[in-house]
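Subject: Structure handover

Hello,

Here is the structure I promised you. Please open it first, then read my notes below.

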Amino acid sequence: MGWLDRQSFLGAKSEQRLAEVTVGLVGLGGGNSHVAQQLAHAGVGHFVLADADHISLSNLNRLIGGTWWYVLKRTAKVTIMKRMILAINPKARIETHCKQWQLAGDALKRCEVIVGGLDNVRGKDELDAFCRRFLIPYIDQGMDVHKLGCGNGHLVAGQVVLSEPGSPCLRCMGIVTDAALAEESRKYGAAGGRPQVVWSNGVLASLTVGLVVQMVAPWCRRGKPGAYLAYDGNSGLVTEAERFRRWSAPCAHYPNAAVGDMTFDIRKYMAGKISARRPRVSWVERIRLHFRGMKNNTLV
């Protein structure tokens, strides 16, 4: 059997579609390291990787592909992910940006879908807004550990949200709130470590990969745009969030008309087109040509 024969139920052209799609991964910590690995196994052929961070010892409990050697070498996370993807699929085309994702905007605009692995609310909000403006489906992953009362231990929980045109956004779903942004701003620089474990990240990443593949090579009909899958790590259950199930109003935060690049200037574009067609003539040369034309007219 061939490499992808066991997923032939995705359709006769699924292998080609997966090979041609470009997926952007923003933030390559615990969750998106799983996503990168699984997408490579599934046959995705084009990746844009954006993360300014380098691996450290604290990443080894959850970073797929991370090793002690990489920690000693302080290897960039985008480099680790690139090597892991190519080890699975040597034909994959991978563009890496070891910088903040905002500085890789031109590359991310070319993606058909973007998956976020950001651990801060502000970043999630900005990336959701970016994807909405350029009509790119955005999948956000998030997990946390909450202390339960009465000595009952902890709750491991998380969610995967697909925000796309026609669906509620992260603000509609309550993932991004003004209160959460304000609290994060107050704690900036002193928030301490955030609990992350490899098994819950793996569950959320698998749900994410399923959504990506479903968009590229659907194996069943989706009921409506978007998705909000809630994960209870204590019970092992994944359910559709009640808030998403009941949602029926259009997104109030991103109007349909608010699309396109706000920095695009048609005047600069046209100036470039004109200069490309006609070489620039200096004022001295223009004066010379003017008087030459007058002289020729006089002679005539």
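How many bridges join E1 to E4, and do they run parallel or antiparallel? There are 4 bridges, and the two strands run parallel. Please keep in mind that this is a predicted model.

**The sheet**

E1 and E4 belong to an open sheet of 8 strands. The order is E3-E2-E1-E4-E5-E6-E7-E8, and the pairing is mixed. Strands E3 (93-97) and E8 (237-240) form the edges, each pairing on one side only. From one strand to the next, the twist averages 15 degrees.

E1 (residues 22-26) also pairs with E2 (residues 46-50), in the parallel sense, over 5 bridges. Look at Val-26. Its bridge partner in E2 is Ala-50, and its bridge partner in E4 is Gly-116. E4 in turn pairs with E5 in the parallel sense, over 3 bridges. There, Ile-114 has Tyr-138 of E5 as its bridge partner.

**The helices across it**

Helix H2 (residues 30-42) lies across E1, E2, E4 and E5. It runs at about 160 degrees to E1. Helix H8 (residues 198-216) lies across E1, E4, E5, E6, E7 and E8. H8 runs at about 160 degrees to E5.

**The cores**

In soluble globular proteins, nonpolar side chains tend to be buried together. The largest nonpolar core here has 44 residues. Val-23, Leu-25, Leu-39 and Leu-49 touch the most other members. H8 gives the most to this core, with 7 residues. Another core, of 28 residues, lies apart from it; Val-48, Ile-114, Leu-127 and Ala-241 are among its members.

Val-23 is worth a click. Beyond four places in sequence, it touches Leu-39, Val-44, His-46, Phe-47, Val-48, Cys-111, Val-113, Val-115 and Val-212.

**A buried glutamate**

Is Glu-164 buried or exposed? Its relative accessibility is 9%, so Glu-164 counts as buried; the cut-off is under 20%. Glu-164 sits in the loop between strand E6 (154-163) and helix H7 (178-186). Which side chain does the side chain of Glu-164 make a polar contact with? The partner is the side chain of Arg-222, at 2.5 Å. Leaving aside neighbours within four places in sequence, Glu-164 is in contact with Arg-132, Pro-137, Met-215, Arg-222, Pro-225 and Gly-226.

Best wishes

Technical notes
Residues are numbered from 1 along each chain as its sequence is written. This is a predicted model: local features need pLDDT of at least 70, side-chain atom pairs count only at pLDDT 80 or more; totals for chains, interfaces and linings use all residues. Side-chain values use heavy atoms; hydrogens and water are left out. Buried means under 20% relative accessible area, exposed over 50%, partly exposed in between (1.4 Å probe, protein chains only). A polar contact is a pair of N or O atoms within 3.5 Å; within protein, one must be able to donate a hydrogen and the other to accept it, and residues adjacent in sequence count only if both atoms are side-chain atoms. Contact means heavy atoms within 4.5 Å. Two strands pair if DSSP finds at least two bridges between them. Axes are lines fitted to C-alpha atoms, for helices over the stretch in contact, and angles run from 0 to 180 degrees between N-to-C directions. A nonpolar core is a set of buried Ala, Val, Leu, Ile, Met, Phe, Trp, Tyr and Cys residues joined through side-chain atoms within 4.5 Å.
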